[in-house]
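Hello! Here is the structure I promised to hand over to you. Please open it and keep it beside this email while you read.

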Amino acid sequence: MKERDIERYLVAQVKARGGEVRKVVWPGRKCAPDRVVMLPTRDGPKLMGGTLIYPSEVLWIELKAPGLKATFPSNAHERGQAREHEKMRKVGQVVLVIDSKEEIDEVLR
């Protein structure tokens, strides 16, 4: 199994739950997580400032090939990713490093 297999599984599982997944590319910024996952909450829509808002849960996901999470961060690029993830966590973002379908199932439970 390869990282792309886990990525396809993530997309399928999120869509099956009514969510959306986007590939993240930040021009001028390296080491961003691979994907942003947006999952609907069970609370339903709310009216805020005259606009109907659909509350959601946002997760930032860094995908790795099976078994590579155990060695993360193992090189200069991954150390940069780890620093970026920590910056995002410090401002309240949920950033996860995932390397298996089972972990996706656990996160989306």
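Below are some notes on its salt bridges and a surface patch.

This is a predicted model, in which local features need pLDDT of at least 70, side-chain atom pairs count only at pLDDT 80 or more, and totals for chains, interfaces and linings use all residues. Residues are numbered from 1 along each chain as its sequence is written, and side-chain values use heavy atoms, with hydrogens and water left out.

Let's start with salt bridges (a side-chain nitrogen of Lys or Arg within 4 Å of a carboxyl oxygen of Asp or Glu). The whole structure has seven of them. In one, R35 pairs with E7, and their closest N and O atoms are 2.6 Å apart. R35 sits in strand β2 and E7 in helix α1 (residues 3-16), so this pair ties together parts that are 28 residues apart in sequence. Helices (H or I, at least four residues) and strands (E, at least two) are DSSP runs, numbered from the N terminus. R35 and E7 are both buried, that is, under 20% relative accessible area, where exposed means over 50% and partly exposed in between (1.4 Å probe, protein chains only). E7 and R35 also belong to a salt-bridge network with K23.

E20 forms a salt bridge with R22, with 2.9 Å between the closest N and O atoms. Here E20 is partly exposed at 35% relative accessible area, and R22 is partly exposed at 42%.

In helix α2 (residues 76-90), E86 and R89 are three residues apart, about one helical turn. They form a salt bridge too, with the closest N and O atoms 3.8 Å apart.

Happy exploring!
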